[in-house]
Amino acid sequence: MIKKKHLQELEKNGYFVYPNFLTKKQNNKLWRILESLPKKDLHFSYSRTGEKVKKDVSILAPNIMTYSKDFISIATNSKILQVADDYFFRASFNEEKNPYQVHIMHARKVEDECGEQQLHIDSRLRGADPAYMLHVFIYLDDCIKPHSGGIRLVPKSHKLKRYAIPSIDEKKAKEIFAKKGTAIFMNSSLFHAGSEKKTPGTRWVISLVYSRWWVRQPFAIPYFKKWPKKLTAREKILFGFYNYGDASIKRGISARGKLPKLIPIKND
Ligand SMILES: O=C(O)CCC(=O)C(=O)O
Ligand SMILES: [Fe+2]
């Protein structure tokens with residue numbers, strides 16, 4: 001169960017770690033689906049140097065919710081929505097009944113050896129207030145010791161009005177050692193990075209990101225043609241189906257209801 005202390009940690013430190021978010025069975029199923037994706041659907045990147053050296057290759061599986069309803073269930077899981085409600089209803093407007101959407105959902109694999117990433121933020125907005133993006137990383141492989149490719153984070157850096165500076169921030173970075181099935185909830189303005197991997201085998205992580213409804217999704221999720229199931233109304237809301245002007249006109253309904261009065265619920 002998500003507790004108040006988790007939400008407080010997210011606010012104060014910019015993250016919290018939630019062990020056993022997935023059962024072993026769920027974890028292994030998701031892992032197997034990812035491993036069986038056709039090579040043509042994967043993106044290979046050479047993180048540091050741009051050169052094709054084995055040590056730096058990482059593999060990205062984009063838009064994984066289109067592969068299996070199991071990924072849809074993760075993205076719409078009540079444990080996550082409980083956190084997202086708390087996170088996004090803050091500083092939203094009275095008229096906004098659904099203030100957030102799935103922003104992006106992908107999985108990243110590093111295998112055997114891979115170099116570390118540099119500390120970065122994916123939200124692009126440093127110290128964003130109100131927070132407008134929320135990351136949920138889910139380990140699908142154990143990262144319980146150094147060099148297994150865990151994620152490192154700089155606690156409290158979500159409040160800084162600057163980007164990461166390696167010479168200052170690397171020494172404050174904390175690597176998250178945890179078993180597979182663990183979820184790391186993170187304010188997307190927190191400095192973080194994948195760490196170096198030297199152990200044999202895979203390290204898959206799901207990156208599931210939510211944003212306020214008015215942020216442009218990097219992939220226009222409602223326009224995907226292939227879904228593994230018919231989406232429920234609630235799932236459509238969460239995947240941002242009503243956040244596109246033209247889509248809502250076609251359906252004869254208004255995307256967001258009345259335009260909000262420009263007064264936030266709370267003055268924070
Ligand atoms: O794979 C990881 O450990 C983190 C990935 C990440 O933060 C990113 O690619 O933006
Ligand atoms: Fe990142």
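1. The structure discussed here is a predicted model.

2. Which residues of H4 are buried? They are Ile-80, Val-83, Tyr-87 and Phe-88. These four cover an arc of only 115 degrees around the axis, which puts them on the same side of H4. An α-helix has 3.6 residues a turn, so residues three or four places apart point the same way.

3. The buried residues of H4 pack against one helix, H1 (4-13), and against the strands E4 (100-111), E5 (133-139), E8 (183-187) and E10 (202-212). After H4 comes Ala-91, which has a positive phi, near 60 degrees.

4. On the chain as a whole: the secondary structure of the protein chain consists of seven helices and ten strands. The protein chain has 268 residues, of which 35% count as buried. Among its contacts with a separation of 6 or more, 81% are between residues 24 or more positions apart.

5. The largest nonpolar core contains 59 residues. Within this core, the residues that touch the most other members are Ala-75, Phe-137, Ile-138 and Phe-185. Leaving aside residues up to four places away in sequence, Ile-138 touches Phe-21, Leu-22, Ala-183, Val-205, Ile-206 and Leu-208.

6. Val-205, one of the residues that Ile-138 touches, is also among the residues around ligand 1.

7. Ile-59 belongs to strand E3, residues 57-61. Is Ile-59 buried or partly exposed? Ile-59 counts as partly exposed because it has 19 C-beta neighbours inside 10 Å, whereas a buried residue needs 20 or more.

8. Between Ile-59 and Lys-39 the sequence separation is 20 residues, and the C-alpha to C-alpha distance is 9.8 Å.

Conventions. Residues numbered from 1 in each chain as written. Chains lettered and ligands numbered in written order. Predicted model: local features only at pLDDT ≥ 70, side-chain atom pairs only at ≥ 80, totals over all residues. Near = placed C-beta within 6 Å. Buried ≥ 20, exposed ≤ 12 C-beta atoms within 10 Å, placed from the backbone. Helix = DSSP H or I, 4+ residues; strand = E, 2+ residues; numbered from the N terminus. Arc of directions from axis to C-beta. Contact = placed C-beta atoms within 7 Å. Core = buried A, V, L, I, M, F, W, Y, C linked by C-beta atoms within 7 Å.
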